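Here is a friendly walk through a protein model, written for someone seeing it for the very first time. Have a look at the chain below, then read on.

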Amino acid sequence: MKHSSILALAASGLAFTSPDRVRGVVSALAEGGGGSPDLPAVLTELNTAFAGFRERSDARLKELTETVENQQHTIDGLRVGGGGIHPGAGLRTAGRRFAPIEAEVASDFRAQLQGSPSAGMTTQSNPDGGFTVAPQIDSVIEAVLRDLSPMRSLARVVRLESGRGSWEKILGRSGAQSAWAGEEDERSDTATPVLGKVTINPEEIYAVPMLTNHVIEDSSFDLEAFLEEDVSGEFALTEGAAFVSGNGIKKPRGFLTYDTTTEADADRAFGKLQYVPTGTSAAFPAEDPADVLLDLVASLRPIYRQGDGVGFLMNSTTANVVRKFKDGQGNYLWTNSIAAGQPDRLCGYPVSLDEAMPDIGADEYAVAFGNWRRGYAVVDKPEMSLIVDRVTKKGWSKLYFAKRVGGGVVDSNAIKLLKFSAS
C-alpha cells in the first residue's frame, strides 16, 4: 500500500481506534517499500486526520445528547392533573408551580398528546386510536357541567353502568281507587292503577377543540384549565339546548317538545304537559301581570312543591321583565339572593336562568315552573373518550372528546309551562 493511499483513507474518515491497527499500517509501509525516512511524516498526517475525525464525532455526539435532553425537558414540562377543579394540577415551570398531580394520570395523558403508544392508541394510527379519559379529568368536566348547565343541576341525573344502553322508569299513570264500606257491606272491585313506562336512550355528544402543537409543547400552557373552560363550555351549551328544545333524534328530548294542554293532572293524557295561558299573546297581562305567575305555581300540586329541584326556569331577557313586577303593596316579587352561590327567588321559589329558554313571544313557553328533580331525567354513560388527531391538520392537534347523554320528561305532572297566548 502506498503513502498516498494511506492518507486518502485517513482523510475519508476511517477510524483507527486500536494501536494494533496503527502498527499494522507501519508494517505495511515498511514492507511496501515506502522507506523509513517518510514514516514519521506519514504517522503525523495520520494522527492529524484521526484527531479531526474524533473531534467531528464528539461534536455530533454532543449535539444528539442535547437534542434528546431538550425533548425530555419538553415532555417533562407537560402535566395533566385531576382530582377536582380547584385542587387539580397543571404544569411545572421555572418560577411557577401548579398543584401536585397524579403521576399515573399525567403519564397516561401526556403519552397521548405526544403520540406515544399506549392502550388502544399508537403513533401509527393517531386518528383511529383512542382511550377513556382518566376518572380525575372526567370528574373535572362533570363538575363544571353541573355549574354551567342549569337543567343538569336541577334535574335528576342517572349514570348508566357498563352493559346498559338505556334507562327505563315505570310510572303510575293513574292511581288506585278506594271506597268506604260498612261492616257487612259488599266490597266491590276498585280500579287498578294504570302504569306507564319512560325509556331514555343516551346519544353521543362531542367537542373537538383544536390547539397548535407549539402550544402543547409550551411549558406554560395549563392543559387542565383548557379542558375545564373549552370542553365543558361546549358540552354545557350543546346539551343544555337539547334538554330544553331537543327533538329526541340523536339527542336528548327537551321538555318544550312534548304535547301540551290546559287540562289538569287528573284529566290529562299521560306524557302531556299542562300549560297556563297568560291571556295575552306575546306578553304578560297589562293589569296585574304577576297574577299569572301565581296561577302557574298553583297549577303544580302541593306534593310536588316540596324538596330539591323546585323552581322557575327562564332566560335572562324574560327575567329582566319579571324582576319589575310588584305586589299590591309595591314590593317586588323578585328577591335577590343575599348569599353567594344561592339563587334569586320569585314568589318564594328559586329562579334558574337558562339561555336555552325562548324569549317572550306569541305562543312561546318562556317561563316554566316545576319539580325538576321528579319531572326530568338526564341519563349519562359515565365513560368519556378522547381521540387525539395530529395528522388531519399539520401542526395542530385535534382533541376529540365524546360521551353519551340522554334526557327526557319522566313525570309530566311535575312540570308546568306559562304560554304567552290568549288561550
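A quick definition to start: a residue is buried when its relative accessible area is under 20%, exposed when over 50%, and partly exposed in between, using a 1.4 Å probe and protein chains only. The model is predicted, so local features need pLDDT of at least 70 and side-chain atom pairs count only at pLDDT 80 or more, while totals for chains, interfaces and linings use all residues. Residues are numbered from 1 along each chain as its sequence is written, and side-chain values use heavy atoms, with hydrogens and water left out.

**Salt bridges**

Let's begin with charges. Side chains of opposite charge can pair when their charged atoms come close. A salt bridge here is a side-chain nitrogen of Lys or Arg within 4 Å of a carboxyl oxygen of Asp or Glu. The structure has seven of them, including these:

| Pair | Closest N and O atoms | Sequence separation |
|---|---|---|
| Arg152 and Asp380 | 2.7 Å | 228 residues |
| Arg301 and Asp265 | 3.0 Å | 36 residues |
| Arg323 and Asp344 | 3.6 Å | 21 residues |

Helices (H or I, at least four residues) and strands (E, at least two) are DSSP runs, numbered from the N terminus.

Arg301 comes from the loop between H9 and S11, and its partner Asp265 from the loop between S9 and S10. Arg301 is partly exposed at 38% relative accessibility, whereas Asp265 is buried at 15%. Arg323, in the loop between helix H10 (316-322) and S12, pairs with Asp344 in the loop between S12 and S13. Here Arg323 is partly exposed at 32%, and Asp344 is buried at 19%.

**The sheet**

Now for the strands, which pair if DSSP finds at least two bridges between them. Eight of them make an open sheet with mixed pairing, in the order S9-S10-S18-S15-S11-S14-S13-S12. Its edges are strand S9 (260-261) and strand S12 (334-335), each pairing on one side only.

Strand S11 (residues 310-314) runs antiparallel to strand S15 (residues 365-371), and four bridges join them. Within that pairing, Gly311 stands opposite Gly370. With S14, S11 pairs in the parallel sense over three bridges, and Leu313 has Ser352 of S14 as its bridge partner. Five of the five residues of S11 are buried, so S11 is largely enclosed by the rest of the structure.

What about the segment after S18? Ser421 is found there, and Ser421 is buried, with a relative accessible area of 2%. Contact means heavy atoms within 4.5 Å. Leaving aside residues up to four places away in sequence, Ser421 touches Pro277, Thr278, Gly279, Thr280, Ser281 and Asp363.

**Nonpolar cores**

A nonpolar core is a set of buried Ala, Val, Leu, Ile, Met, Phe, Trp, Tyr and Cys residues joined through side-chain atoms within 4.5 Å. The largest one has 37 residues, and those with the most contacts inside it are Met151, Phe235, Phe255, Tyr376, Phe401 and Leu417. Helix H8 (residues 223-245) gives this core its largest share, seven residues. Apart from it lies another core, of 26 residues, among them Phe284, Leu293, Val322 and Phe420.
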